[in-house]
Amino acid sequence: MKYSVIVPVYNRPDEVDELLQSLAVQSRKDFEVVIVEDGSENKCKDVCAKYADILDLHYYYKENSGPGQSRNYGAERANGKYLIILDSDVVLPEGYFKAIDEELTESDVAFGGPDASHPSFTNTQKAISYSMTAFFTTGGIRGGKKKLDKFYPRSFNMGIRSDIYRQLGGFSKMRFGEDIDFSYRIVEAGYQPRLFPEAWVWHKRRTDLRKFWRQVYNSGIARINLEKRHPGTLKLVHLLPTVFTVGVIGLILLSLLGLITCTCWLIWVPLIPILLYSVIILIDSSIANHSIQVGILSIPAAFTQLMGYGCGFIESWWKRCLLGKDEFQAYEKNFYK
């Protein structure tokens, strides 16, 4: 068997149904699916049973230990030459495996693809997807274009040869950023993951801005932890959301000071950069999504993405770098048992 699709699941039966439906209509069929239920209360076992005669599907239930360890659990039971790691909130176009086959060579050890929003997604989901991939929010580093620098696949759409996965020990017990940690370890072992631009997935991400804030906040926390584990991986682009966050807070405070002192110019001048950035996001997202409604929603999504990440980064920097706590001490409540 060529591919084993590994999907950790936690309380998301409806999403699993959509993912399995997209797997059932793939143009290439040389794969098995390993669903690992990570201690869910709302199980997807009945959903999986619907596809038992359509897919080579294996369902496992285990105690909750987090997505990384659940992927390892599934990998131990997989039979494919390559492991395809997917999140439960993705949907595949029918040519997904065909795109991988057309790119994959015998020398490829690890690879990954980009993500996109589906026309059926809500406007909020489209706005969140824009904020995670656009040039004006992330520099486009999470888009689908090949670049000259190294590519680090993420767990929503990652492939790796099964023997290398086991050789490297799979995912670590990191609470946040375990997929980037694994990608770093792949590179540090002397392998270079490749981006397969046409092997993309539709990625639903979060359904509202509150959940999105928590997601990106955790990503900000992970960045400091990743630098501690892999010195030298912290780049300028990782600092920009924190600079943005401090800048926005500073400008708002200046505006409030103007309001308190009744200084008219001090009220409005600090808000000009914020308003200009909002207009840029509105125009760019409206054009990209062919929707003014998505463009409007992309403004709070962009600020959530940048400031959520920035706040998480600042908290982690304070605990890990200034207070000197180790990863477990700093985030003990967030680790799985």
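Which elements do the buried residues of helix 8 pack against? Let me start there, everyone. The model is a predicted one, where local features need pLDDT of at least 70, side-chain atom pairs count only at pLDDT 80 or more, and totals for chains, interfaces and linings use all residues. Residues are numbered from 1 along each chain as its sequence is written, and side-chain values use heavy atoms, with hydrogens and water left out.

So, helix 8. Helices here are DSSP runs of H or I with at least four residues, strands are runs of E with at least two, and both are numbered from the N terminus. Buried means under 20% relative accessible area, exposed means over 50%, and partly exposed lies in between, using a 1.4 Å probe and protein chains only. Among the buried ones are Ile180, Phe182, Tyr184 and Ile186, but also Glu178, Asp179, Asp181 and Arg185. As for the partners, the buried residues pack against helix 3 (67-76), strand 6, strand 8 (157-161), helix 7 (162-168) and helix 9. Contact, by the way, means heavy atoms within 4.5 Å. Just after helix 8 you will find Gly190, with a positive phi of about 100°.

Now to the nonpolar cores. A core is a set of buried Ala, Val, Leu, Ile, Met, Phe, Trp, Tyr and Cys residues joined through side-chain atoms within 4.5 Å. The largest has 33 residues, and Leu20, Leu23 and Ile35 touch the most other members. Strand 1 (3-9), helix 1 (13-24), strand 2 (31-38), helix 2 (45-50), strand 4 (82-86) and helix 4 (96-103) each give at least two residues to this core. Helix 1 supplies the largest share, 5 residues. If you click on Ile35 and set aside neighbours within four places in sequence, its contacts include Val7, Val16, Leu20, Cys48 and Tyr59. There is also a second, separate core of 17 residues, including Ile6, Leu83, Ile85 and Ile160.

Next, a helix pair. Helix 10 (residues 236-261) and helix 12 (residues 271-289) pack at an angle of about 130°, with axes 8 Å apart. The axes are lines fitted to C-alpha atoms, for helices over the stretch in contact, and angles run from 0 to 180 degrees between N-to-C directions. Angles under 35 degrees count as roughly parallel, over 145 as roughly antiparallel, 65 to 115 as roughly perpendicular and the rest as oblique, so helix 10 and helix 12 are oblique to each other. On the helix 10 side we have Phe244, Val248, Leu251, Ile252 and Ser255, meeting Leu271, Pro273, Ile274 and Tyr277 of helix 12.

One residue I'd like you to look at is Asp108, in the loop between helix 4 and strand 6 (110-112). At 5% relative accessibility, Asp108 counts as buried. Its side chain makes a polar contact of 3.0 Å with that of Arg194; such a contact is a pair of N or O atoms within 3.5 Å, where within protein one must be able to donate a hydrogen and the other to accept it, and residues adjacent in sequence count only if both atoms are side-chain atoms. The Asp108 side chain also reaches the backbone nitrogen of Thr105 at 2.9 Å.

Last stop, backbone angles. Most residues other than glycine have a negative phi. Asn11, though, has a positive phi near 55°, and sits in the loop between strand 1 and helix 1. His290 also has a positive phi near 55°, in the loop between helix 12 and helix 13 (292-322). Asn11 is partly exposed at 28%, while His290 is exposed at 73%. Thanks, everyone!
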